[in-house]
Amino acid sequence: MKKTIIVMPVANEEATMGQVIDKILSLPYDNLFLYPVVDLYSKDRTEEIIRSYEPTGRVRCVFYKESKGVISCYLEGYRQALADGAECVLEMDGGGSHQPEEIPQFIEKLEEGYDCVWGSRFTYGGQMSHQPLYRKILSSGGTILANIVLGTRLKDMTSGFEGFQADVLRRMNLDKFLSTGHMYQTEMRYYCRKLNTVEVPIHYIGGDSSLKLRSVTEALSILFKLKKHEAVIWKD
């Protein structure tokens, strides 16, 4: 198996952080590592819990002082993973929305040679639970709208559980992404649409966070800018 690093922005997750790490470390992969990314927004013992696992040699706490939100933490996690020799990088949520037991299907597809593996709630076998109806409508409707505007054909354009061959991320200007919110997921899938990609089913479990109107308006604004912006994302 290729060296694979999971990037996982986390904040105020002390109630579940240890359980999530234990589940990931229990997977049958010696070459799988976890890089939780913490910033100043986290006020509880999340960082302390993560650092208690560092002696295993498979967990590294990345404290990102310059964070501007969760998306900047994802991108900083990518940079650190690439600097540490990752051959594949996975991205997932650390708050319980994404299930560690679903990681093997991402690894399997990356080992088969796919450039990108997208977690999908709307493909056969995927599902969403503990989500209000409006969130389900926004997610599915957002996918339909993105596919129409961008010419993509994915069943889920807004999921944040995904995997990449490291070379894909190395070829990107990670500091040039337009999105600072959830639209980042759609932005990434659009830029990678010409690569060898595949969707795998995931079970997304919702939490207590609410979707702000600002996030929706940002997404709509950015959606119509992506085609012109694509040229600055890929390195020559």
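Modeller: Let us start with a cluster in which ring pairs link Y74, F177, Y184, Y190 and Y191. Rings of Phe, Tyr and Trp (its six-membered ring) pair if their centres lie within 6.5 Å, and planes under 30 degrees apart count as stacked, over 60 as edge-to-face and the rest as tilted. Please keep in mind that this is a predicted model, in which local features need pLDDT of at least 70 and side-chain atom pairs count only at pLDDT 80 or more, whereas totals for chains, interfaces and linings use all residues. Residues are numbered from 1 along each chain as its sequence is written, and side-chain values use heavy atoms, with hydrogens and water left out.

Colleague: How many aromatic pairs does a search of the whole structure find?

Modeller: The search finds seven aromatic pairs. One of them joins Y78 and F164 edge-to-face, at 6.0 Å centre to centre and with 75° between the planes. This pair links distant parts of the chain, 86 residues apart, since Y78 belongs to helix α3 (residues 70-83) and F164 to strand β7 (residues 162-165); helices (H or I, at least four residues) and strands (E, at least two) are DSSP runs, numbered from the N terminus.

Colleague: Are Y78 and F164 buried or exposed?

Modeller: Buried means under 20% relative accessible area, exposed over 50%, and partly exposed in between (1.4 Å probe, protein chains only). Y78 counts as buried because its relative accessibility is 0%, and F164 is buried because its value is 0%. The rings of F106 and F161 have centres 4.3 Å apart and planes at 20°, so this pair is stacked. F106 lies in helix α4 (residues 103-111) and F161 in the loop between α5 (133-150) and β7, so the pair ties together parts that are 55 residues apart in sequence. Both F106 and F161 are buried.

Colleague: Which charged side chains sit over a ring?

Modeller: A charge sits over a ring if NZ of Lys or CZ of Arg is within 6 Å of the ring centre and within 35 degrees of the ring normal. The charged end of R121 is placed over the ring of Y204, 5.7 Å from its centre, and R193 lies over the face of Y190, at 4.1 Å from the ring centre.

Colleague: Why is helix α7 described as largely enclosed by the rest of the structure?

Modeller: Nine of the nine residues of helix α7 (residues 183-191) are buried, so the helix is largely enclosed. Among them are M183, E187 and R189.

Colleague: Which residues have the most contacts inside the largest nonpolar core?

Modeller: A nonpolar core is a set of buried Ala, Val, Leu, Ile, Met, Phe, Trp, Tyr and Cys residues joined through side-chain atoms within 4.5 Å. The largest one has 43 residues, and those with the most contacts inside it are Y78, M172, F177, M188 and C192. The largest share of this core, seven residues, comes from α3.

Colleague: And what of L223 and S42, is each buried or exposed?

Modeller: L223, which has its place in helix α8, is buried because its relative accessibility is 5%. S42, found in the loop between β2 and α2 (46-51), counts as buried because its relative accessibility is 14%.
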